[in-house]
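I opened this entry to keep track of what I looked up, chain by chain and then at the contacts.

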Amino acid sequence: MSRYLRTWEFALAVLLVVEILVLGAINPTFYDPENLLYATLDFMHILFAALPLTLVIITAGIDISGVSVMGLASITLGLAWVAGINVFLAAGIALLVGALAGLFNGLLVAKTDVNPLVITLGTLFMFGGLAQGMPALLDFLGFKAYGSAGLAAYQYEGITGLPEAFIALTEGTLGIVPVPLLLVLAFALVLGVLLHRTRFGRYLYLIGDNPEAARYSGVPIVRALIYAYVLSALGAALAGVMLTSYMTSARADLGGDALLPIITAVVLGGADILGGSGTILGTLLAGAMLGYLRQGLLALGVTNDLIQVVVGAILIAAMATKQLAHAWGERRLKRRALAKRERR
Amino acid sequence: MADQSPLLELRDVWKVFSGVPVLKGVAFDLRPGEIQALLGGNGSGKSTLMKIIAGAYRMDAGEMRFMGAPVRVESPGAAQRLGIYMVPQEPHVFPHLSVRENLSLGLDLDPEAFQKKLAAVLGQLDFEVNLEEPAAFLSIAQQQLLEIVRGLLRDARVLIFDEPTSALTFREAEQLFDQMRRLAGQGIGIVFISHRLGEVMEVAHRVSVLRDGVMVLQAPKERLTPHDLVRAMLPGTAEEGEGPLEAGGTCRGGRPVLEVRGLSSEAFREASFDLYPGEVLGIAGLVGSGRTELAEAIVGLDPHARGQVRVAGTPLPHRSPAICQRHGLVYVPEDRHAHGIFLDLPSLHTMTAGILPRLGRFLLASAKERRIGERFVDLLNIKLQGLDQIAGTLSGGNQQKVVLAKALAGEPRVVILDEPTRGIDASARRDVYRLIRRLTAQGLGVILISSELEEVVELADRVLVMYRGRITGELEGDAITLERVTEASFGMALEAAP
Amino acid sequence: MRRWLSSREALVTGLLVLLILITGLINPNVLKFRSLVEVVNASLSLLLITLGEMFVILTRGIDVSVGSTAGLAAVVLGLSLNLGWPLSLAILAALATGLVAGALNAVGITLLRVPPIIMTLGTLGIYRGLMRILTGGSWIENLPQNIKALHLWHFLGVPFFVWGTLLVLALTAYLTWRARPARYFYAVGDNPEGAYFLGLPVRPTQFAAYTLAGLFAALAAVVFTSQIGFVSMNAAEGYELKAIAANVVGGVSLTGGVGTPLGAAVGALFMTAVHSMLIFLGVPGIWDNALAGVILLLVVYLDYHVRRTLEYRRRQARIQGEAAWEAEGGPS
């Protein structure tokens, strides 16, 4: 399997380059490196969530609650700030809340035999509902939860009026590289080292490939799974914080319908939904591919809806291709073995 | 048994899995009314051949004729429509459906007809079961009987039994053989896969032997002796020229390296014994006697187990595989595919799966890891194309060696081997025996759990026999004979050693 | 009878009754016949989608596109009605849409071997996108009176749709209990490998499951379009997740082979009732999702806990049984 994957990442890299070339040919502004880099701001949240989700999927699990954690983190940040806490500290609290959400997921997944899909389905509802309801609850209790602009404005725009210093987070650059992109790359680097160079990462692959053998081999399954789900939620929380800065408002529905692109990025990146394989690089490349695809299509005037169709079709096509390629490989091996028999 | 034209004919059958040919031009035929036994070592391809006949696999080359006409059997459903049915070795049970439904699924009968037929079949077998209960409540033996009932319920023309007696008592096995004879008398062709020569010589009309994917023998029973059969299956070991492995001299100095006291769980009770460094302690018994469960409880895989375990004097009250590993106690599981090996990952990863904490505090020292891997490839004579070869593409014997490497990587004091030579070819088997000798020479304590009683008799310095969850006897040194061990496995009391 | 009483269906029904009674203590209006009928009425579309999803889950699969399928079917219904098509034809078109959408999933999963979560996640996006493409993004309003009138038909004080859904439910329940092809859903989900080796039609069964899910989603679309009176772009959004939750709560386990249509229906009723009871209690609807999530998590956790306890007790019983049997001398 890893033989295929090494080719897979290379193929992804090639596709990414081809894609940018094609998009640039249609719309030359794409060739401007500054534009290219700025475009990543639009899909950085997908990457923040998808990168650690790779770890979860490698364990043959899944986490669909990320979208809600994004909103929860955003609202937590907003509410904390409205309560008077320094905005960056509030961001830290938001990340902490995200980690706790991941801990909740991880504990349930690791300690019960309930399907992770069901658990994170429940937490998708629970965290999302919590994010939606918290401002109402606090307001009900007498706190000025909705920010200076009041309820009506909140329902339209979320909590606004966040300090410039915070907004600058997503406006700033190091040279021509936007700060969020640097953060994504740094995050990817850390996760990459964790996954491919530490025993924690190895544990994830072992658990995903054969959880029973992992148990028999003494792998600390509970601990490893919990860390994976915490990281996944942390990534989502990070995405939520970044989006809050980018959109200049804190909202509970920040996540939107990002679930499809997030999972597509991981699966397209080569991770097997049944566990045991996947790489950070693959997810990064696939996420970038999808992100730029969306940008390009939008620039072409394609509507958001059609983009959804395209992404959905790509997901299916990628999987089908993988299956067919695998079957074809098997057939080739078989043909070769049978051909040898003539010489017997 | 008539000598009409064959019921079933296979010619030049090839089957390839992932580029590895498992069947190489096999020819096979079955006559109506005959009982044919199919023998072969593990990995010889006999299950694969039968699965092709039963439609579970498709042959990659060759042809099959049923009642004279060429057929292509593309699926089990197609085979069953033709009248071919295979009773599998591992029962296919639908745990949440009732036993009745488990039996009726796949049959094209209305309820009354089914009821009548079922009653008839059940009457002939000694199968006491609550038909309305979910099948999950059946024991392994009952599940196997369920599969046999399924086979008998179908008006098959060809019935294949894959190791049908592995979980049956003597009496149940005899009843099964009576059934087989009755069916053969009706003109049904029966193939049964077995590795028990006694059964084969008793019941079969003809015997075929597969070795390494090639049919090497197909002859009427009268012309064969058990020796012929063994020689056909395993040419190597039958030559005594191989030389017996050095008789194990136990360095039975002083303190036991493993002490088990009063260990009890669901499948066994009050297990107590000692293991000394340098000795091979065999644990013999039938399937279901609780040996594997005992081993799993010793290494902490069973949270419900009660009792005490001490390794080199250190008590281990709260055990887990990781804790046991740290104290030098490792277990090589019986089912390597399910519990031992990581099939889609590089072989090296399986080998080091148990000792990862020793490979570095934060980052994995990959050079060190590879050195450990290479050391074991050498030590165990593992044949692979590089440490990164995906474990699933290795042969059974090499896979088992990889799993052994995993157990040995942590330099244990006690190694519990559970059916270590199951499903591996002869030369790998010899390598494992040599390894066991070497380990004991180095002072390790080895527990050998095996259903191959000959293996136990040959290798063990001492033998514990388990029967229905209890250790019922202990044999030592010269008192270890195949006869005594076999009898004790079946619950017969051991006479005092001479 | 005893087995039914200890079943999940009975438990959830009991919880449902308890929920309504407790709400009734605070707001007696909920106990009126009309209120109860309204709750059932409100649950119909979710119930139908849940039933369809049940087939998929029984076979150990998953389908997260049923909400989008329902939306797409609703769009087709609305568009064809506004084009002047007769009501029956428009409804048929909607049902056909659901059927085809489900069949597409089935093809991808059974023939192309795409894992169900991936395939249906992809079609979730595709169908929802298609919805907007077909309508240009705008809602379908001004539907003719005939479709809207459907939900107003009453019989014995109970809406026609409720009767219809009950009929569908009864039919489904009867067929899954008796009809052999329907038993295949259970067999395939309980042990797909075993089903294959026994010669059961595994792929056709899986194909049927996803196609039925699509069909039932379309049925739900007809119901809610009639009830709501227009088709919005967010129609049935999130219903797939609610349907999965409803199934799990009702005892249809994601591991396959377990659960009944009654369970699925009761699960859907329960999830809807929670929402309705909140309204009767004056709690803002914003807490709906949070509560749904908590309920789902509680149910699955308790289920896990109960299973583990039962397993432990069974083990203890077996150990004691063995010991007693041995004490009596056992077999010789």
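I am working with a predicted model.

**Chain A.** I then took the extents of the C-alpha trace of chain A, which come to about 85 × 55 × 35 Å along the principal axes. Of the 344 residues in chain A, 55% are buried. I also looked at sequence separation in chain A: of the contacts between residues at least 6 apart, 76% join residues at least 24 apart.

**Chain B.** I noted 18 helices and 20 strands for chain B. The C-alpha trace of chain B spans about 65 × 50 × 45 Å along its principal axes. A compact globule of 498 residues would have a radius of gyration near 23 Å, so the 24 Å of chain B agrees with that expectation. Buried residues account for 49% of the 498 in chain B. For contacts in chain B with a separation of 6 or more, I found that 70% come from residues 24 or more positions apart.

I then looked up the domains. Chain B divides into domain 1, residues 8-239, and domain 2, residues 258-489. The centres of these two domains of chain B, taken over C-alpha atoms, are 32 Å apart.

**Chain C against chain A.** How many residues of chain C are in contact with chain A? I found 41 residues of chain C in contact with 35 residues of chain A. On the chain C side, the elements giving two or more residues are helix H6 (116-135), helix H12 (239-249) and helix H14 (288-327). H6(C) gives the most, with 14 residues. By class, I recorded 29 nonpolar, eight polar and four charged residues on this side of chain C.

**H5(C) and H6(C).** I stayed with H6(C) and looked up its packing against helix H5 (residues 87-111) of chain C. The two axes come within 9 Å and cross at roughly 145°. The crossing of H5(C) past H6(C) is right-handed. From H5(C), the contact is made by C:Ala101, C:Leu104, C:Asn105, C:Gly108 and C:Ile109. From H6(C), I listed C:Pro116, C:Met119, C:Thr120, C:Thr123 and C:Tyr127. The residues of this contact comprise six nonpolar, four polar and no charged.

How values were computed:
Residues numbered from 1 in each chain as written. Chains lettered and ligands numbered in written order. Predicted model: local features only at pLDDT ≥ 70, side-chain atom pairs only at ≥ 80, totals over all residues. Contact = placed C-beta atoms within 7 Å. Helix = DSSP H or I, 4+ residues; strand = E, 2+ residues; numbered from the N terminus. Nonpolar A, V, L, I, M, F, W, Y, C, P; charged D, E, K, R; others polar. Axes fitted to C-alpha atoms, helices over the stretch in contact; angles between N-to-C directions. Left-handed = near helix turned anticlockwise from the far one by under 90°. Domains from an automatic or database assignment. Buried ≥ 20, exposed ≤ 12 C-beta atoms within 10 Å, placed from the backbone. Rg over C-alpha atoms; globule rule 2.2 N^0.38 Å.
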